[in-house]
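Here is a short briefing to read alongside the model. It starts with a single residue and then moves on to the sheet and its helices.

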Amino acid sequence: MSNLIGTYKYASKEIKGYSNSEIAKNEKNDCFVRAMAAATNTDYDTSHKFVKENFNRKNKKGTEGIFISTQMMKFEEEGMKIGDKTFKVKVLSTNRITNKYKLYGEIVKRKKTVKSFIKDNPKGTFIVGVSKHAFTVKDGVLIDNAGEEFRPTRKVDCAFKIDGKEEVTQLSLF
């Protein structure tokens, strides 16, 4: 497991239906859509629709951080349903995304770097927010857009654990 930490995969190759999605071909600033698709293992179009409806995302405009945090807190309480799958969401506390240091005799907190976050969270699926960007970390592997290759010193602004135990809703005959 530890040999995977710091491994990088392209979101465009990891996301179902991305390469033949007409929506994806005409999008930009869709990092949160891709992060959601990769984290939930849903196809791009389903993720795009979900983010548009639940996070106030406008086409080609990106998703604002305030909407992401607010909605993820709601999903933490209620659960998150995307397509036919239901997920548990955990908003990581400040203690999970910061490191403590002793500086001139005082304890200070500083935002974790992406590298430090991955090292401290080698298992599980996370949507991670850095300045004006989001990506997925799955079992220590960073899944991100081409052109955003692993930059280990970016500071983590927020992170959300997505419970990988997806439940497929089934219809009952009786």
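**A buried threonine, and the sheet**

In this predicted model, T63 has a relative accessible area of 19%, so it counts as buried, the cut-off being under 20%.

**Around T63**
- T63 sits in the loop that links α4 (44–54) and α5.
- With neighbours within four places in sequence left aside, the contacts of T63 are F32, V51, F55, R57 and I68.

**The sheet**
- An open sheet is built from six strands, ordered β1-β9-β8-β7-β10-β4, and its pairing is mixed.
- At its edges are β1 (7–10) and β4 (89–91), each of which pairs on one side only.
- On average, neighbouring strands of this sheet are turned by 25 degrees against each other, with direction ignored.

**Where β4 meets β10**
- Strands β4 and β10 (residues 158–162) run antiparallel and are joined by three bridges.
- K90 has K161 of β10 standing opposite.

**Helices on the sheet**
- Helix α5 (residues 65–78) packs on the sheet and touches β4, β7 and β10.
- The direction of α5 makes about 125 degrees with that of β4.
- Helix α3 (residues 31–40) lies across β7 (125–130), β8 (133–138), β9 (141–144) and β10.
- Relative to β8, helix α3 runs at about 15 degrees.

Note on methods. Residues are numbered from 1 along each chain as its sequence is written. This is a predicted model: local features need pLDDT of at least 70, side-chain atom pairs count only at pLDDT 80 or more; totals for chains, interfaces and linings use all residues. Side-chain values use heavy atoms; hydrogens and water are left out. Two strands pair if DSSP finds at least two bridges between them. Helices (H or I, at least four residues) and strands (E, at least two) are DSSP runs, numbered from the N terminus. Axes are lines fitted to C-alpha atoms, for helices over the stretch in contact, and angles run from 0 to 180 degrees between N-to-C directions. Contact means heavy atoms within 4.5 Å. Buried means under 20% relative accessible area, exposed over 50%, partly exposed in between (1.4 Å probe, protein chains only).
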